[in-house]
Amino acid sequence: MRGCEDVRVADRLRELDDRLRGPARLKAELMVELRDALDDAAEAYREGGLSAAEAERRAVAEFGAPAQLVPAYQAELAAAALRGLSVRAFAVALALLVAGDLTWRGSSWSGGPPPPAGYQLLSASVNWIWLAVAGFALAGLALGVGAARRGRAGVPVAGRLLGLGLTGALVLGALVGVALFAWSVELWDAALTWPPMIIGAVVVGAGYFSLARAARCWLRAAH
């Protein structure tokens, strides 16, 4: 491996780009900031009489090794990823808590005999799961904002736990939601052709696709 004295600006930027993980837009902004800072330092050395190559080497050596730079930048990316996941999770949770029951109103089976006790328990558990998701999301959002302001190196343990809790709650919500939908179709054939149910399934599917991408981004940034 080359020492710092042999590394040019482009080399150091490639090393950092390979090692950092997180939201693409924020990462791109960080890389632009890093390039500008290194270019400014190199320009100052060139104005001091050094050659272009030597000026870049001095700027890179002064800036620090990847092991020194990555933790703080990665913490910023992880905090941003947690904020993004939390915002999306809270929005989806709020939508499902508010509009979930609307898919049933006016249906041909809503006035019939009540469904089995197990079905009612599963249905009630959905609301509790999404309340938990909303709670994790609010806590994750608060922690992510706080971490960004403090600029700490490393990913806080509390952030990891909240992110994992939120991700786990989302997975559980998805599994229970699919199970409830499948059971609904088994109990009432008309559920497959009931427009609110179809629209709800499409909207929820789109929401989960967005959440899956955000959760993947956070997992990559935090580990």
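The structure is a predicted model, in which local features need pLDDT of at least 70 and side-chain atom pairs count only at pLDDT 80 or more, whereas totals for chains, interfaces and linings use all residues. Residues are numbered from 1 along each chain as its sequence is written, and side-chain values use heavy atoms, with hydrogens and water left out.

The protein chain contains seven helices and zero strands, where helices (H or I, at least four residues) and strands (E, at least two) are DSSP runs numbered from the N terminus. From the N terminus on, the order of elements is therefore written α-α-α-α-α-α-α. Of the 223 residues of the protein chain, 34% count as buried. The accessible surface of the protein chain comes to about 12,400 Å², areas being computed by the Shrake-Rupley method with a 1.4 Å probe and, for residues, with only the protein chains shown as cover. Carbon and sulfur atoms account for 63% of this surface. Contact is defined as heavy atoms within 4.5 Å. Among contacts between residues at least 6 apart in sequence, 80% join residues at least 24 apart.

Helix α1 comprises residues 9-19. Its buried residues are Val9, Asp11, Arg12, Leu13 and Leu16, and the elements that cover them include α2, α3 and α4.

Charged pairs were examined next. Side chains of opposite charge can pair when their charged atoms come close. A salt bridge is taken as a side-chain nitrogen of Lys or Arg within 4 Å of a carboxyl oxygen of Asp or Glu. By this rule, six salt bridges are counted. One of them joins Arg12 to Glu15, with the closest N and O atoms 3.7 Å apart. Both residues belong to helix α1 and are three residues apart, about one turn of the helix. Arg12 counts as buried because its relative accessibility is 3%.

A further salt bridge is formed by the side chains of Lys27 and Asp17, at 3.4 Å from N to O. This pair links distant parts of the chain, with Lys27 in helix α2 (residues 24-47) and Asp17 in helix α1, 10 residues apart. Lys27 has a relative accessibility of 15% and so counts as buried, whereas Asp17, at 33%, counts as partly exposed.

In helix α3 (residues 52-63), Glu54 and Arg58 are four residues apart and are therefore separated by about one helical turn. The closest N and O atoms of their salt bridge are 3.2 Å apart. Glu54 is classed as partly exposed because its relative accessibility is 27%, and Arg58 is likewise partly exposed, with a relative accessible area of 39%.

A patch of negative charge on the surface gathers Glu29, Glu33, Asp36, Asp39, Asp40, Glu43, Glu47 and Glu76. Patches consist of residues with over 30% relative accessible area and no salt bridge, like charges being joined within 9 Å and nonpolar side chains (Val, Leu, Ile, Met, Phe, Trp, Tyr) within 5 Å. Lys and Arg count as positive and Asp and Glu as negative, while His and the chain ends are not counted. The place of a charge is taken as NZ of Lys, CZ of Arg, CG of Asp or CD of Glu. Helix α2 supplies the largest share of the negative patch, seven residues. Glu29 is located in helix α2 and is partly exposed, with a relative accessible area of 43%.

Leu85 counts as buried because its relative accessibility is 0%. Leaving aside residues up to four places away in sequence, Leu85 touches Leu166, Thr167, Leu170, Leu211, Ala214, Ala215 and Trp218. Although 81 residues separate Leu85 from Leu166 in sequence, the C-alpha atoms of the two are 8.7 Å apart in space. Ala93, with a relative accessibility of 0%, also counts as buried. With residues up to four places away in sequence again not counted, Ala93 touches Trp130, Val133 and Ala134. Ala93 and Asn127 are 34 residues apart in sequence, with a C-alpha to C-alpha distance of 9.0 Å.

Definitions and conventions: Buried < 20%, exposed > 50% of the residue type's maximum accessible area, 1.4 Å probe, protein only.
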